[in-house]
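Visitor: I would like to learn how to read a model like this one, feature by feature. Where shall we begin?

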Amino acid sequence: MISLSPKKRKVPKEYLAPRPMAGSALPTSHLPAWVRIDLIAVLVGVLVSLTSLLAPLDQWFWSRGLRALASTAPPQSIALVSFAASDVRLSSCGADVVRTLTRARVRSALVLSPLDQFCSGLLDPEHAESELAPPFGLLESGGLRVDADGAVHGFHASRLPPLAASMGLGQAPWVVAHDAESVPRVDYALVVNKDLDGEVLVDKHVVLAFDRSMAGTQPAAVAGAIAGALEGRS
């Protein structure tokens, strides 16, 4: 007699083993049970806040430390040439300044704003065509690292004029400057009239500026910082 019930199929043994649950196991924390993730997040936030609050204090200490180390000896590489309003009133101001500084045999000239805006033609490219004339460059406030009191403590290389590189002046976050009072200062009118003691400007880099050029920063302080960088005090 033929059975109509379905035949019982034999299942291979490997398929009889219990199958693991689908999905990956949840990661387990290796931190002690008493450590809470939310507390760690709070502590990290506090540390970040403290760092941002202490940064200005750190800058303040650096600033005061650099002032204490400032040299009172006159720099050998830099001189400041100060301009009065009467020195820039002629339309030939730029050409006159170039001619005067060429005669004084200066090495190069960095111009501080806003002198360039009042001395017509001071930075004209045609001046660079003369083999005897010193190179000129405009030093803007963005190239300076200045503290809240207007003291110059360094330079941003990306904001310096091309002339700075040829002078040897580059990126210098912190500079031990020469004291502003130690920087040799000459009135432009004396240079014009050749009324100078010896060869005070010969083969020197000169900073050209009005008495106060950069939003409260003394031109002599700028010159002192440049001298510190050039003379290896950075």
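Guide: Begin with helix α6. This is a predicted model, and in it α6 has 12 residues. From first C-alpha to last, α6 reaches 17 Å, close to the 16 Å expected at 1.5 Å a residue.

Visitor: Is α6 mostly covered or mostly open, and how many of its residues are buried?

Guide: Mostly covered: 11 of the 12 residues in α6 are buried. Buried means under 20% relative accessible area. Among the buried ones are Pro219, Val222, Ile226 and Ala229. Several alanines belong to that list too, including Ala220, Ala223 and Ala225.

Visitor: Which strands does α6 lie across?

Guide: Helix α6, residues 219-230, lies across β1, β2, β3 and β7. Its direction is about 160° to β1. Look also at what comes after the helix. α6 is followed by Gly232, and the phi of Gly232 is positive, near 80°.

Visitor: Now the sheet. What is the strand order, and how do the strands pair?

Guide: The general idea comes first. Strands of a sheet pair through backbone hydrogen bonds, either parallel or antiparallel. Here, an open sheet of 5 strands runs β3-β2-β7-β1-β6, and the pairing is parallel.

Visitor: Which strands stand at the edges, and why is one side of each left without a neighbour?

Guide: β3 (136-139) and β6 (185-187) are the edge strands. Each has a single partner strand, so one side of each has no neighbour in the sheet. From one strand to the next, the twist averages 30°.

Visitor: What does helix α2 pack against, and which of its residues are buried?

Guide: The buried residues of α2 are Cys93, Gly94, Asp96, Val97, Val98, Thr100 and Leu101. They pack against β1, β2, β3, α5 (188-192) and β7. Just after α2, Arg105 takes a positive phi of about 60°.

Visitor: How many salt bridges are there?

Guide: Look for a side-chain nitrogen of Lys or Arg within 4 Å of a carboxyl oxygen of Asp or Glu. That rule gives 2 salt bridges. One joins Arg99 to Asp96, with the closest N and O atoms 2.5 Å apart. These two are 3 residues apart in helix α2 (residues 93-103), which means a separation of about one helical turn. Asp96 is buried, whereas Arg99 is exposed, at 51% relative accessible area.

Visitor: And which residue forms a salt bridge with Asp187?

Guide: Arg185 does, and the closest N and O atoms are 3.4 Å apart. Asp187 is partly exposed, at 34% relative accessibility. Arg185 is partly exposed as well, with a relative accessible area of 48%.

Visitor: Zoom out. How many helices and strands does the protein have?

Guide: The protein has 6 helices and 7 strands. From the N terminus on, they run α-β-α-β-α-β-β-β-α-β-α-β-α.

Note on methods. Residues are numbered from 1 along each chain as its sequence is written. This is a predicted model: local features need pLDDT of at least 70, side-chain atom pairs count only at pLDDT 80 or more; totals for chains, interfaces and linings use all residues. Side-chain values use heavy atoms; hydrogens and water are left out. Two strands pair if DSSP finds at least two bridges between them. Helices (H or I, at least four residues) and strands (E, at least two) are DSSP runs, numbered from the N terminus. Axes are lines fitted to C-alpha atoms, for helices over the stretch in contact, and angles run from 0 to 180 degrees between N-to-C directions. Contact means heavy atoms within 4.5 Å. Buried means under 20% relative accessible area, exposed over 50%, partly exposed in between (1.4 Å probe, protein chains only). The expected span of a helix is 1.5 Å times one less than its number of residues.
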